[in-house]
Number of protein chains: 4
Amino acid sequence: MDAIDIERVADPELTDPVLIEGLPGVGHVGKLAAEHILEELDSELVRRLYAEEFPPQVTIDDEGVASLTCAEFHAVHTPDDAPDLLVLTGDHQAATNAGHYTLTDAILTIAESFDVERAFALGGVPTGELVEEYTVLGAVTDAALKESLEAVDVEFRADEPAGGIVGVSGLLLGLGKRRGLDVACLMGETSGYLVDPKSAQAVLEVLQSVLSIEVDFGSLEERAEEMEEVAGKIREMQSQQTQIPSDDELRYIG
Amino acid sequence: MDAIDIERVADPELTDPVLIEGLPGVGHVGKLAAEHILEELDSELVRRLYAEEFPPQVTIDDEGVASLTCAEFHAVHTPDDAPDLLVLTGDHQAATNAGHYTLTDAILTIAESFDVERAFALGGVPTGELVEEYTVLGAVTDAALKESLEAVDVEFRADEPAGGIVGVSGLLLGLGKRRGLDVACLMGETSGYLVDPKSAQAVLEVLQSVLSIEVDFGSLEERAEEMEEVAGKIREMQSQQTQIPSDDELRYIG
Amino acid sequence: MDAIDIERVADPELTDPVLIEGLPGVGHVGKLAAEHILEELDSELVRRLYAEEFPPQVTIDDEGVASLTCAEFHAVHTPDDAPDLLVLTGDHQAATNAGHYTLTDAILTIAESFDVERAFALGGVPTGELVEEYTVLGAVTDAALKESLEAVDVEFRADEPAGGIVGVSGLLLGLGKRRGLDVACLMGETSGYLVDPKSAQAVLEVLQSVLSIEVDFGSLEERAEEMEEVAGKIREMQSQQTQIPSDDELRYIG
Amino acid sequence: MDAIDIERVADPELTDPVLIEGLPGVGHVGKLAAEHILEELDSELVRRLYAEEFPPQVTIDDEGVASLTCAEFHAVHTPDDAPDLLVLTGDHQAATNAGHYTLTDAILTIAESFDVERAFALGGVPTGELVEEYTVLGAVTDAALKESLEAVDVEFRADEPAGGIVGVSGLLLGLGKRRGLDVACLMGETSGYLVDPKSAQAVLEVLQSVLSIEVDFGSLEERAEEMEEVAGKIREMQSQQTQIPSDDELRYIG
């Protein structure tokens, strides 16, 4: 196996395809959002991306059959005039700095092979406290991309997120821009402590408006309610105790 | 030296050879099992595999003579119609993600040079508590491999182990599958705290049935009794104290 | 993207150019000093240096537009006979040993493409206590470079800094010397606990004299006053408590 | 710069040269011993070995002049029939597993360029307690090398050191053996807590006998006395306190 190994599964014709990236990250917002698209819309697996930078790991399916860890690209054919989607999901980011660059380069090369000219990197931005109103923060490769996003309530704040954007989402912006791709990063505000389906829904609602697609949120709302119960218990704990649970205790409960 | 350096020691003809992998891991189950085969059956060293990903280390033998750390392949000629064995043992896994991929690729290349078409990756699966009954959990590259294993009481459980299978055993499944090799991973249940000869025996009993080989378990049972004493003392400690020994205190006592 | 990727932005003619390096380090002295030059003197961005060894990260500007992390070279055309400057700034050093070598090699190659024959690596040297008098310590690739620096009160002390000089500044000396470049490292004494504009000013005052350039220190002095207040509060805390703040609590407050 | 960069400083003719390696390690025994040879015998710097695996660092000499971190080979012309020496010293080992292999390969290549056929890797072996009698433990690439060493009281103990020998000393044995070089590792017993000149002297006394060279131990004995005072204080502390200093407190006091 090479450092990166791309398996071609299918090569459908896509109309004006848009890359949607949802790898694991803060609050698993991007991952939840991208996976929800695949749950709700008909899709077709088109590429598997294997990488030596991923953990040396297989996952076991419900039949006990093993599959090597990979990132997957699914094509979604949308009705009417909406652009088709190329949705990237997976369980891992890279393990090293250099690995993130190699991985994102490979992702962009796959996207280009489908003539993708626009991409959305989905993720969360941590607020450090339980979120009441789910704002979506944006960052773009080109200021001209902001208008249509601001029209659907995406906020652009000077120099935010303060620490920049890291990982594959960050590099899709950084390396995508250098390749001439139009990329927007949509970051749902989230506490950073919990897997956050509500934040994922906020991000998806932006995507819906921008891409003229329609997604049912029933299952995501159910999951959000479960998480609300968890969050409620945490608030209770916080009011009963002076000592609040540490970040480690709270992180990614879900 | 290259990243991987393979030393050809012997090139015997093998009949229908099956790769048996037993590198260090949970409870040292796989390592104990593979080494026990080599103790009990006549074998011949056929390859040494050196890797820059292994620790920079030599081991010293009973004469004070040093040997560079390596993984070793031994050939076992079995009687009658049983398939011959190619047994992989060693003291280390790789140090990095990429290293695991490179190492497992090299292992598969050596196996292919002996026309291996089937492999068993041996290991342990941690239960977190002292085990009473030694179940063997299975995972395979192809659902068709399950029937013969289920016939000898290997259990296949949907989506288990939950965290997947990591390290060389995992990649033998993942990369082996991609190369068209039939691989089964046999994981003996084990506490995860102790070197576990009983779990190794459970795994070997499965192998015995599946491969029609015969191994004496005397020495393994002796070692198991020693470990039972250790486990007994731990149970005693646990009943006397509310505070049980931490994972770190218990891990790999042996 | 390659391990190193150099983007040519402009190629001005430079007269007798001198490389000034100010990447992050102890007390951010070098970074503050180099950035202050760019704030006070007219400059032109000439190169961006991208590296897989930098974090996989973009920064977001005041318009919400993302830019891939890089180091930047700005050209400063100085008046009269003063040498022109090639100022290197950025937010990161490399992540690995090998990465530092690769990065510094690339920096030297860029410098050579502008016919740079002299370089100043700017940084801080930690004293472990709050500094009253801002001495600048020097190290050079060639003893002949000392005289002009000692004339402006740079101190050379046998075998100091005791731990040598690490990071890009160190390698500019080490690799620059091997390439025949004249390099001096100017290290402002600093506590090591605080971002230290005063130490940066001390370093710049040396540069001013040596390079016959003139820089206004107003904004740096303002920032120094703010830091003095912080330092004052720390002194107060120290006198009120026997338990002084740990290094971790104090490091890089600012 | 390449991953490894060898600078040829001189190319003297050497008679039957023996490589002596003394890089940093347990108790700094090997480093002290090798450096003591260079202090006591006339030597000539012949090679500098630079490596990207070394820290990105320069050292500063008594004139304030910087030199890039490297390992150095000095040639020692011995009188009469004694073999000439090629002494390897330096301040660092490699940072990664693969780096140790690359580094040791380069060392062996340099040794071969001087027609070295024999090598001694010098080091310490930790006993965990203050040592009264300074035994030297041996390990060899070939059992035939033991006789002459046992004749001068080097001990060979089955399977010791139990954890094998790590780092450059270990790989000189492991990789040297594979290249057909005769290598012996001489390990002075040492507490592991203190820089140990006495252990270095014990190792050097073995070398003296085996190589028919003569070294004055005056300066090493002085340093040993200083260390004895430190050790004495530690013993005192131990008898006064039930709580002995932790490994971390004691390690490499000197």
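Visitor: What should I know about numbering and the kind of model before we start?
Guide: Residues are numbered from 1 along each chain as its sequence is written, and chains are lettered from A, with ligands numbered from 1, in the order in which they are written. Side-chain values use heavy atoms, leaving out hydrogens and water, and since this is a predicted model, local features need pLDDT of at least 70, side-chain atom pairs count only at pLDDT 80 or more, and totals for chains, interfaces and linings use all residues.

Visitor: How many residues does the contact take from chain B and from chain A?
Guide: Contact here means heavy atoms within 4.5 Å. On that basis, the contact takes 23 residues from chain A and 30 residues from chain B.

Visitor: Which three residues supply 32% of the area that chain B buries against chain A?
Guide: Buried area is the accessible area (1.4 Å probe) that two parts lose on being put together, summed over both. Between chain B and chain A about 2,000 Å² is buried, with carbon and sulfur atoms giving 53%. More of chain B's share comes from this trio than from any other three residues: N97(B), Y101(B) and R178(B).

Visitor: Which residue of chain A meets R178(B) in a salt bridge?
Guide: A salt bridge is a side-chain nitrogen of Lys or Arg within 4 Å of a carboxyl oxygen of Asp or Glu. The count between chain B and chain A is 3 salt bridges. In one of them R178(B) meets its partner at 3.0 Å, N to O, and that partner is D5(A).

Visitor: Which element gives the most to the side of chain B that touches chain A?
Guide: Helices (H or I, at least four residues) and strands (E, at least two) are DSSP runs, numbered from the N terminus. Elements giving two or more residues to this side are α2 (97-113), β9 (136-140), β11 (165-166) and α4 (167-178) of chain B. With 8 residues, the one that gives the most is α4(B).

Visitor: In β11(B), what is the bridge partner of Q57(A)?
Guide: Two strands pair if DSSP finds at least two bridges between them. Strand β4 (residues 57-60) of chain A and β11(B) run antiparallel, joined by 2 bridges. Within β11(B), the partner of Q57(A) is V166(B).

Visitor: What relation do chain B and chain A have?

Visitor: Which residue meets K146(C) in a salt bridge?
Guide: The rule finds 3 salt bridges across the interface of chain D and chain C. One of them joins side chains at 3.4 Å, N to O, and the partner of K146(C) is E63(D).

Visitor: Why is one side of β10 of chain C left without a neighbour in the sheet?
Guide: The open sheet has 3 strands, in the order β10(C)-β4(D)-β5(D), with antiparallel pairing. β10 of chain C and β5 of chain D stand at the edges, so each has a single partner strand. For β10(C), which is joined over 2 bridges, that partner is β4(D).

Visitor: In β5(D), what is the bridge partner of T59(D)?
Guide: β4(D) and β5(D) pair in the antiparallel sense, over 3 bridges. Within β5(D), T59(D) has as its partner S67(D).

Visitor: How far apart do the closest C-alpha atoms of chain A and chain D lie?
Guide: No contact joins chain B and chain C, whose closest C-alpha atoms are 14 Å apart. Chain A and chain D have no contact either, and their closest C-alpha atoms lie apart by 14 Å.
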